[in-house]
Amino acid sequence: MSSSIPRSAAVAAVVSAALAAGLLGGASASADDATTTATGSATGAAAPVRIHDIQGTTRVSPLVGKQVTGVTGVVTGVRTYGSRGFWIQDPKSDDNPATSEGIFVFTSSIPTVAVGDAVSVNGTVTEYVPGGLNSGNQSLTQISKPAITVLSKGNAVPAPVTIWAGSVPGAYTPEGDPAAGGSINGLTLRPDTYALDYYESLEGANVRIGTSRVVGATDPYSELWVTVKPFENDSVRGGTVYGSYDSQNTGRLQIQQLAPISQKPFPKANVGDWLAGTTEGPLDFNQFGGYTLVANTLGEHVDLGLEREVTERQHKNELAVATYNVENLDPSDPQDKFDALAKAVVENLASPDILALEEIQDDNGAKNDGTVTAGETLKKFTAAITAAGGPAYEWRSVDPQNNKDGGEPGGNIRQVFLFNPARVSFVDRPGGDATTATAVTGTKGDAHLTVSPGRIDPANTAWDNSRKPLAGEFVFRGRTVIVVANHFGSKGGDESLVSHHQPPNRSSEAKRLLQAQAVNAFVKDALALDKQADVVVLGDINDFEFSGTTQALTDGGALFPAIKSLPRGERYSYVYQGNSQVLDQILTSPGVHHFEYDSVHINAEFADQNSDHDPQVLRFRP
């Protein structure tokens, strides 16, 4: 109980409020320091604060920072792990669709209440920002430092609000208020107009979804994503494609469960599977996905048997070039990881002639001792490929300077070319090292590299703490092919789609834009000598096919993003928060004619992954 009012008066107030709300029954519960049991009757108490008064009609409570007493509701969910606490809901709505009737009560310790308890809560209204203020995330309205009185037990839980395709608006979010730095926090919610406003109007409330398709596979944290809009930008394999900054896919919803995994295993679902029947529980907001249904009742997992794709094998006069992010591969990884990646190269990628790898770590991985060589990593990987029935690949790369290229400290990730010497030759030109730039040389109609392998413009500040592009010169059937392997700067620091800034701040784009401009300038140098030069730029671009980064790479018609040759429902290499999207790309110069492109979906849609990226393959005749 609050220490600012006498205990007898406080009990009288909550009992009166509970009687008015119809919450007080005859059951009792044991009490501890923060939870007591109310009995008796009282009259004449002032009107209490209701949950919808706390939630208000904007994202920030009008009572934030204030003490509230006698807030009553029925417990709809209890969380005993992570951010511990419970949700309560007022069974009597104010009929204002902008105000939620549910709220989270943060206890820090394991709550002692149970679903169906009618309670009265005293505490402080706070706005908790998952990820911290600098994350840009919206805040979660909650009651903190609570004193809890159990009024009765065994009550019916308020009926859930059904979230379905017809209830979620098609528009994602309003534009942020310029006077508030682009924030939507102060805008009155319009749940019938904007999806984010609709979900916010249900923050903390008991909600349900019916049978829904999985659009984001189960992750290591026992959560998955579904869509309540099965026809919203659907992919050919059951996902939801993110095709522009204005097409955020409003039907996506993250699903967790309240029961600890030790008590109830969470389903291992892939994209395209279904959660059949009812999934019901409070609507939470968290750092890793925003609005999340934390389920008391979880629908039944229906496995539709999604299969990993296999690309076509190249014809003898076709050059197959691929890119694959192998996610921090180093010799200390289990042999199973090497074997699984190798099997994918041989069976799913059909042993491409040139394979650009990203995230190859040095010979002792994250041990931060100055090691920069990666020969042991590559010996182990190429041996695994041969053991899987693949070719005896050779490799070329340039060792980075220690801890200068970003990634895991001590890991020294870099790009590497694997190539099949029975099919394609590598042109070695000495002189390339971590700080020496390669350039284009030659005569009209005949472009070559000054050093091969070599790095593009490594002194450019665009590459500070980031991977420098690796350029290599190859010969296939007498024709020179210049390949540039990239791993652009990550999206770290960008605000999420559910940021309170709308549109969200995408601060990482500035670095990738400069990186793209540097690579574009290099390609233009090659095309200036030979406008029909075969140049392939590929790798983990860390940006979308519609992004400013891709526009900068293609400036002046120097390159074409080959993934755009695919139907829209097939354009993705990565799945993030239920959005199937492009991060990995292969771009071609105008001289690369009549190619075939394949985004080979073997990882991103699956709960079991060898990497979180899907490899990309390009086949063409130089």
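Keep in mind that the model is predicted.

Let's start inside. The largest nonpolar core has 31 residues. Those with the most contacts inside it include Ile163, Tyr199, Ile209 and Leu253. Which elements give two or more residues to this core? They are helix H3 (195–200) and the strands E8 (206–209), E10 (224–227), E11 (252–257), E13 (279–286) and E14 (290–295).

Pick out Ile209. Leaving aside residues up to four places away in sequence, Ile209 touches Ile163, Val226, Val228, Leu253, Ile255, Gly277, Thr278, Thr279 and Leu293. There is also a second, separate core, with 26 residues. Phe474, Val592, Tyr597 and Phe620 are among them.

Next, the rings. A pair of aromatic rings is described by the distance of the centres and the angle of the planes. The count here is 16 aromatic pairs. Take Phe419 and Phe474. Their ring centres are 6.0 Å apart and their planes stand at 75°, so this pair is edge-to-face. Where do the two sit? Phe419 is in strand E19 (residues 414–419) and Phe474 is in strand E24 (residues 470–476), so the pair ties together parts that are 55 residues apart in sequence. Both Phe419 and Phe474 are buried.

Rings also group. One aromatic cluster is formed by Tyr198, Tyr199, Phe285 and Tyr291. The charged end of Lys491 sits over the ring of Phe544, 4.1 Å from its centre. Arg506 lies over the face of Tyr245, 3.7 Å from the ring centre.

Now helix H5, residues 375–387. Its 13 residues, at 1.5 Å a residue, should span 18 Å, and its end C-alpha atoms are 18 Å apart, so the two agree. Which of its residues are buried? Thr377, Leu378, Phe381, Thr382, Ala384 and Ile385. They cover an arc of only 155° around the axis, so they lie on the same side of H5. Here is the background: an α-helix has 3.6 residues a turn, so residues three or four places apart point the same way. What do the buried residues of H5 pack against? The partners are strand E16 (319–329), helix H4 (335–348), strand E17 (354–360), strand E18 (394–396) and E19. After H5 comes Gly389, with a positive phi near 100°.

The buried residues of H4 include Phe338, Leu341, Val345 and Asn348. The buried residues of H4 pack against E16, E17 and H5.

Most residues other than glycine have a negative phi, and most peptide bonds are trans. Ala350 is not a glycine, yet its phi is positive, about 60°. Ala350 lies in the loop between H4 and E17. Is Ala350 buried or exposed? Its relative accessibility is 3%, so Ala350 counts as buried. Asn465 is not a glycine either, and has a positive phi of about 55°. With 54% relative accessibility, Asn465 counts as exposed.

Then the cis bonds. One joins Ser452 and Pro453, with omega about 0°. Pro453 is in the loop between strand E22 (446–449) and strand E23 (454–455). Another runs from Gln502 to Pro503, with omega near 5°. Pro503 is in the loop between strand E25 (479–487) and helix H6 (509–529).

Technical notes:
Residues numbered from 1 in each chain as written. Predicted model: local features only at pLDDT ≥ 70, side-chain atom pairs only at ≥ 80, totals over all residues. Heavy atoms only, no water. Core = buried A, V, L, I, M, F, W, Y, C linked by side-chain atoms within 4.5 Å. Buried < 20%, exposed > 50% of the residue type's maximum accessible area, 1.4 Å probe, protein only. Helix = DSSP H or I, 4+ residues; strand = E, 2+ residues; numbered from the N terminus. Contact = heavy atoms within 4.5 Å. Phe/Tyr/Trp six-rings, centres within 6.5 Å; stacked < 30°, edge-to-face > 60°. Lys NZ or Arg CZ within 6 Å of the ring centre and 35° of its normal. Expected span 1.5 Å × (residues − 1). Arc of directions from axis to C-beta.
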